Amino acid sequence: MVHLEDGGSLFVEESGVGPLVLLLHGFGHDRRVWSRVLPLLDGEFRVAACDLRGFGRSSDPPAGGSTPTEDLAALLDELAPAGPVMVAGFSLGALCGLDLAARFPQKVSAAVLAGPYPGFAKL
């Protein structure tokens, strides 16, 4: 569990060692959607699958507070303060990963993003 400045929290499941790969779930899912992927990657990478706010075991999003992208930037400050990470996501997770890479390019070294649905509200 990573605690955020506004009192919220993001639940994170981690395994492995090495360069960090952050896995982001789609709308209607949570970190468990990555359960079969974690063991495939954690032999070479440190893998973190998080629940975005409002999903899984993370807190609800604040009214008028931080965005998912700001939450993820704070998460990376905790998990990988020394350098950029690789991000993979689909649907809402892909949109969050795309926005994270655009707004915080120093935090993302590579991204694999499937179906970043543009119909979601601005992050």
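## How the two helices cross

Helix 2 and helix 3 cross in a right-handed way (a crossing is right-handed if the near helix is turned clockwise from the far one by less than a right angle, and left-handed if anticlockwise). Their packing angle is about 70°, and the axes sit 9 Å apart. Axes here are lines fitted to C-alpha atoms, for helices over the stretch in contact, and angles run from 0 to 180 degrees between N-to-C directions. Helix 2 and helix 3 therefore count as roughly perpendicular (that label covers 65 to 115 degrees; under 35 is roughly parallel, over 145 roughly antiparallel, and the rest oblique).

Who does the touching? On the helix 2 side, the contact residues are Pro 68, Thr 69, Glu 70, Leu 72, Ala 73 and Leu 76, and helix 3 brings Cys 96, Asp 99, Leu 100 and Arg 103. Contact means heavy atoms within 4.5 Å.

## What you're looking at

This is a predicted model, where local features need pLDDT of at least 70, side-chain atom pairs count only at pLDDT 80 or more, and totals for chains, interfaces and linings use all residues. Residues are numbered from 1 along each chain as its sequence is written, and side-chain values use heavy atoms, with hydrogens and water left out.

Helices (H or I, at least four residues) and strands (E, at least two) are DSSP runs, numbered from the N terminus.

Strand 4 (residues 20-24) and strand 6 (residues 85-90) run parallel and are joined by 4 bridges. Val 21 sits opposite Met 86 of strand 6.

## Helices on the sheet

## Cysteines

How many disulfides turn up in the whole structure? The search finds 0, a disulfide being a pair of cysteine sulfur atoms within 2.5 Å. For Cys 50, the nearest cysteine sulfur is that of Cys 96, 8.6 Å away.

Cys 50 counts as buried because its relative accessibility is 0%, and Cys 96 is buried at 0% too. Buried means under 20% relative accessible area, exposed over 50%, partly exposed in between (1.4 Å probe, protein chains only).

Notes: Pairing = 2+ DSSP bridges.
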